[in-house]
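Here is a quick walk through one fold, for someone who would rather look than read tables. Keep the viewer open and follow along.

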Amino acid sequence: MKKLSKAIAALASAAAIAFTATASVVPADYDELVNAKAVDTNNDDWLHAEGSRLYDMNGNEVWLTGANWFGFNCSENCVHYLWSADVDDVLKEVADRGINVIRFPISTELLVSWMDGTPNPVSSVSGNADPAFTINPDFVEADGKTLKDSMQIFDIIMQKCKKYGIKAFIDIHSPHSDNSGHNYNLWYGKAGVTTEVWIETLVWLADKYKNDDTLIGYDLKNEPHGKGQEGDEAAKWDGSKDENNWAYAATRCAEAILDVNPNALIFVEGVEQSMSGAMEGDYWGMPDRRDNSPYIGAWWGGNFRGAREYPIVPKQGTSQIVYSPHDYGPSVYAQTWFDKDFTEQTLLDDYWYDTWAWINAEDVAPELIGEWGGHMEGDNLKWMLLLRDYMIKNHINHTFWCLNTNSGDTGGLWDSLGFQQGAGTTIDWNEPKYEMFEESLWQTLSSGKYIGLDHEVALGKNGISLGDFYANYANSEGSNLDGGKKGSGGGNSVTPKPPVQTEPVEKPVTTTKAPETTTKAPETTTKPVSTTTKPAPTTTKPAPTTTTTKATPTEAPVVPTTTAGTGTTVTLIGDANCDGSVTMADAASIYQSIGNPDKYGLSKQGAANADCSNPGSGITAADALAVQKFCASLIEKLPIKE
């Protein structure tokens, strides 16, 4: 798909455009490098976090705007509808419609079968009803009649995503393969899955795909949940090393994945309930109280109150961590915050801010709303429009639930799919829902071209590549990112004003109970929630508790005795931004400093560290290129001396 030589060209081009550097910054050995490294490395589209935003390797801001397509989590062991639709047709149309990333739910049980070399069979593609394989011919073996296994089909789907400029990430929807497995609380305890097995399978997949940037990340567990009074059977978020402590398990899993692929994004969801601090001596597992409850509830996967005190901080740093709440409207469950004529501000006051929105608003980490959606009616439509506009204004990444038609409590973006020989697949979209959703897709501001996340491959027939956007559109028309700011395609938006109460407010008594779960195979259906107590408004917001750092793809040697032309001692050669690691962000920092030194000038220490190509020659684009070569493993160490 991509050649590293072209990635280097894109970096130089983007730097020249975004940071007003001149053509003279391209190093003399550029053509030699292009000719020598014309191999497909698939390593130029990885993303990283800085503050509340995601960036590509060039330091350009990106926006993940996508949808869910479930089925690998179900007993069919494959995304649904490929019994009546060709995967090429489907993904082409998804790309044409501007969806730049797909979240694929999957089960640990299925990953175990892949890792063990005995992939579970698929029961939901055209071969079952169409033995001639007129639909999805790529899914049949050379004999023309044997269906490929679930792992082979997943790999083919990833290749098709790559073909159409779509990125992907998986989400562990449940330990076991079950069409209603999302109802289960934890990441372990079903189908022989332990915490260790859950981690091992994710590490195995991350290692398998570490050189393919189509699969950009891993959502560690869908909607960890359970009510506090369930104790060990419910997911909690605290500072313990208990097996049901989601914060501890997620940190362990993130570290293990980043050990094999330091470029992968790690999506961490919330829990359902947190301790309210209502009374001294309250503890996780105690019975609930009708009045002054010890627990604060939220949507499954939506509660990040515990992250203030116990953030996810892997040993590799936080540059790959993305917090991923889920949020739904009243058609899924009539939460107390919908009991009034709600507005964006009342939603922030009553639920969003303290539960999850603070993470983005206080620049702690990026967020991706992993699931949102529902039926186009009444207050549910009103809620969807408010959340959609809030995400656009504040550059919150998101994946809509869902493409599928068979989600019982939300419906889908599709109404039906069918296949006719010679004509291909016909997808009937729910056009009113898509029209509502489409405004939240990343697109150029006036021409309306959808912006992909691949530097070279355009996103379908109506889209452009990421490289094309930053070369030809970012400084002219810009995008709808953050309300249409130009230059970088976005920028820091105005931080939403935290909710303020002038007087203490007593917590109301909540009499509603979480709904009973409903199982409807082969659907992923209801998403029950806890409504034990509405959170008490607060008068102030604590400062962020974590600092973003960069993951280190490879370790540059520390050279404490070497000095640059400034006389400053080098602490880590190549570490231009002085964050303790050497990544593509350092190359971007060097280019920025060349293009606009008044705004992006390096610190004295950063300049000493950055002088890594012919040290003593001053800071040039050759230093940025040297860092990029090092991060891409084209050279073994820094500095380069020629």
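Two strands count as paired if DSSP finds at least two bridges between them. Helices (H or I, at least four residues) and strands (E, at least two) are DSSP runs, numbered from the N terminus. The model is predicted, so to speak of local features takes pLDDT of at least 70, and side-chain atom pairs count only at pLDDT 80 or more, while totals for chains, interfaces and linings use all residues. Residues are numbered from 1 along each chain as its sequence is written, and side-chain values use heavy atoms, with hydrogens and water left out.

## The sheet and the hairpin

Let's start with the open sheet: eight strands in the order E11-E8-E7-E6-E5-E4-E13-E12, with parallel pairing. At the edges sit E11 (321–323) and E12, each of which pairs on one side only. Inside that order, E7 (residues 215–219) and E8 (residues 265–268) run parallel and share three bridges. Look for Asp219, which stands opposite Phe267 in E8.

Elsewhere, E14 (residues 414–420) and E15 (residues 424–429) pair in the antiparallel sense over six bridges, with Gly418 opposite Thr426. The two make a hairpin with three residues between them, and Gly422 in the turn has a positive phi of about 90 degrees.

## Helix H9

Buried (under 20% relative accessible area, with exposed over 50% and partly exposed in between, using a 1.4 Å probe and protein chains only) describes several H9 residues, including Trp383, Leu387 and Tyr390. The buried residues of H9 pack against H8 (344–361), E12 (368–369), E13 (397–400) and H10 (431–438). Just after the helix, His395 takes a positive phi of about 45 degrees.

## Aromatic pairs

Rings of Phe, Tyr and Trp (its six-membered ring) pair if their centres lie within 6.5 Å; planes under 30 degrees apart are stacked, over 60 edge-to-face and the rest tilted. That rule gives 33 aromatic pairs. Trp69 and Trp414 are edge-to-face, because their centres are 5.5 Å apart and their planes sit at 85 degrees. Trp69 is in the loop between E4 (65–68) and H3 (87–96) and Trp414 is in E14, so the pair ties together parts 345 residues apart in sequence.

Trp69 is buried at 0% relative accessibility, and Trp414 is buried at 1%.

Technical notes: Contact means heavy atoms within 4.5 Å.
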